[in-house]
Amino acid sequence: MSSPVYLAGTMTAATGWGVGWRRREQKWFASHGEGTFSPPDRENELLVKYDIRPSDLRRYPYRLHSSTRKQLFGEIVKFDLEQIRYRTKYVVVYFTEYSPGTVSELTWARMWGIPVYMVTKRKRLKPWTESCVTKTFRTWEQLHSFLKVRYGLRRNKR
């Protein structure tokens, strides 16, 4: 498979930590020969390292000792930004609401010249966010059609 597609989008305010749509899209991309990187997967690995239950972190992040929280999130930020900069072909973002982490990922992708494709139902975006996005789509089907043409994605034969 080629360089991963980075799947960006809000996690803390999303149902199920934003894993549902990511799993669906991982299957779609895999069926078209594209690898993906899903930030929640990496975070779960780090939680094991720090002996933190995902439900504790996601419900009560401020109950963690401040130095542990700072170290954990420092690792998350560093790893995710390195993933975007060095190992990502393009970013796909599902934008349901504003999230500082998501906007930061889009900003850095723009700075590094990595295309960002957004799926959102929002009628308007804040100018900063809008300026970081290469192309916006209203539906996943529209995005998929575009990516098939733009990147020559073909369904894998099984």
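Helices (H or I, at least four residues) and strands (E, at least two) are DSSP runs, counted off from the N terminus. The model here is a predicted one, so local features need pLDDT of at least 70 and side-chain atom pairs count only at pLDDT 80 or more, while totals for chains, interfaces and linings use all residues. Residues are numbered from 1 along each chain as its sequence is written, and side-chain values use heavy atoms, with hydrogens and water left out.

Five strands make up an open sheet in the order β2-β1-β3-β4-β5, with parallel pairing. Its edge strands are β2 and β5 (135-137), each of which pairs on one side only. Pairing here asks for at least two DSSP bridges between two strands. Strand β4 (residues 116-119) and β5 run parallel and are joined by three bridges. Within that stretch, Tyr117 stands opposite Lys135 in β5.

Helix α1 (residues 19-31) lies across β1 (5-9), β2 and β3 (90-94), and runs at about 160° to β1. For that angle, axes are lines fitted to C-alpha atoms (for helices, over the stretch in contact), and angles run from 0 to 180 degrees between N-to-C directions. Contact itself means heavy atoms within 4.5 Å.

Ser38 belongs to the loop between β2 (36-37) and α2 (39-49). Leaving out residues up to four places away in sequence, Ser38 touches Arg22, Arg23 and Gln26.

The packing of nonpolar residues comes next. In soluble globular proteins, nonpolar side chains tend to be buried together. A nonpolar core is taken as a set of buried Ala, Val, Leu, Ile, Met, Phe, Trp, Tyr and Cys residues joined through side-chain atoms within 4.5 Å. The largest one has 16 residues, and Val91, Val93, Leu106, Val116 and Met118 touch the most other members. At least two residues of this core come from each of β1, β3, α5 (100-111) and β4. Helix α5 gives the largest share, three residues. Once neighbours within four places in sequence are set aside, Leu106 is in contact with Val91, Val93, Val116, Met118, Thr129, Cys132 and Val133. Apart from this core lies another, of 14 residues, including Tyr90, Phe137, Trp140 and Leu143.

Leu72 is buried, with a relative accessible area of 0%. Neighbours within four places in sequence aside, Leu72 contacts Leu46, Leu47, Tyr50, Ile52, Leu57 and Leu64. Going from C-alpha to C-alpha, Leu72 and Leu47 are 8.2 Å apart in space, though 25 residues apart in sequence.

Charged side chains pair up as well. How many salt bridges does a search of the whole structure find? The search turns up five, a salt bridge being a side-chain nitrogen of Lys or Arg within 4 Å of a carboxyl oxygen of Asp or Glu. In one of them, the side chains of Glu34 and Lys89 meet at 3.2 Å, N to O. Glu34 sits in the loop between α1 and β2 and Lys89 in the loop between α4 and β3, so this pair ties together parts that are 55 residues apart in sequence. Glu34 is buried at a relative accessible area of 3%, whereas Lys89 counts as partly exposed at 28% relative accessibility.

Another salt bridge brings together the side chains of Lys49 and Glu75 (3.1 Å, N to O). This pair links distant parts of the chain, with Lys49 in helix α2 and Glu75 in helix α4, 26 residues apart. Lys49 is exposed, with a relative accessible area of 55%.

Glu82 and Lys78 also form a salt bridge through their side chains (2.8 Å, N to O). These two are separated by about one helical turn because they are four residues apart in helix α4. Glu82 is partly exposed, with a relative accessible area of 28%, and Lys78 counts as exposed at 51% relative accessibility.

Last up is His144, found in helix α7 (residues 140-151). His144 is buried, with a relative accessible area of 11%. Apart from neighbours within four places in sequence, His144 is in contact with Glu25 and Trp28.

Definitions and conventions. Buried < 20%, exposed > 50% of the residue type's maximum accessible area, 1.4 Å probe, protein only.
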